[in-house]
Amino acid sequence: MYYVLSVSDDYPDSYWFKYDHDNSPSYLSFQSGEAVDQPKRPPLFTLDKKISIARFLGFDFLMSDGGDFISAKFADLMRNLAAGDVQIIEASVYVNGEKMNGFCIGNIANLVSCVDMEKSIYKPLLKSCPDGPIKFTRFEFIDNSLNDHKIVRCKEDPQTIVVSEDFMQACKSAGIRGVEFLRNGVGSYEKDVLLK
């Protein structure tokens, strides 16, 4: 069984970081499903809001206006379980001017066709462009389509991250916070497993 990896419902709105679009690599390069050249300087994420640092450090999957980034704990899990699937890239993270150490971008380096389009539910993103990009409201995955991969980007919707059952179980066992695993994906989905 496969799952869509998503940010958890308990992720605070106040923890949305700003990505330095001007001086960091295009965040879209980290959503291509391919390895990238190591940046000359770490991509920069900043947050200037009054927050609890202790609570913030309890999350392992974090969001920004330029994509997601992960804690050292989550990066270690990915290295140990899915080294061939993820490229770990050091990130610079600052909260109110204070540097937070150990954060990374987990660049998923494989793009895999894994969706049964006949059984999934989707519609055009723009009504005026029926043959253009689509929006899924329910995924049905093809059995064994990930082969030996533990975590991939979905070829049918590259913004979607798909993980294997053992990857999900490893995250649960490790107490990874800030993620949830959705059996059928987005929209009016079934939440089978939620990690808090």
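This is a predicted model: local features need pLDDT of at least 70, side-chain atom pairs count only at pLDDT 80 or more; totals for chains, interfaces and linings use all residues.

**Salt bridges in the model**

In helix H2, which covers residues 72–82, the side chains of Asp76 and Arg79 meet in a salt bridge, with 2.8 Å from N to O. Why can these two pair up along the helix? Asp76 and Arg79 are three residues apart, so about one helical turn separates them. Asp76 is partly exposed at 40% relative accessibility, and Arg79 is partly exposed with a relative accessible area of 42%.

How many salt bridges does the structure hold? It holds five, and I will go through two others.

Next is Lys150 with Asp166, where the closest N and O atoms are 2.5 Å apart. Lys150 sits in the loop between strand S12 (134–138) and strand S13 (151–154), while Asp166 is in helix H3, so this pair ties together parts 16 residues apart in sequence. Lys150, at 22% relative accessibility, counts as partly exposed. Asp166 also falls in the partly exposed class, at 34%.

The last one is Asp10 with Arg177, and here the closest N and O atoms are 3.4 Å apart. This pair links distant parts of the chain, 167 residues apart. Asp10 belongs to the loop between strand S1 (2–7) and strand S2 (18–19). Arg177 belongs to the loop between helix H3 (165–174) and strand S15 (179–182). Are these two buried or partly exposed? Asp10 has a relative accessible area of 23%, which makes it partly exposed. Arg177, with 26%, is partly exposed as well.

Technical notes. Residues are numbered from 1 along each chain as its sequence is written. Side-chain values use heavy atoms; hydrogens and water are left out. A salt bridge is a side-chain nitrogen of Lys or Arg within 4 Å of a carboxyl oxygen of Asp or Glu. Helices (H or I, at least four residues) and strands (E, at least two) are DSSP runs, numbered from the N terminus. Buried means under 20% relative accessible area, exposed over 50%, partly exposed in between (1.4 Å probe, protein chains only).
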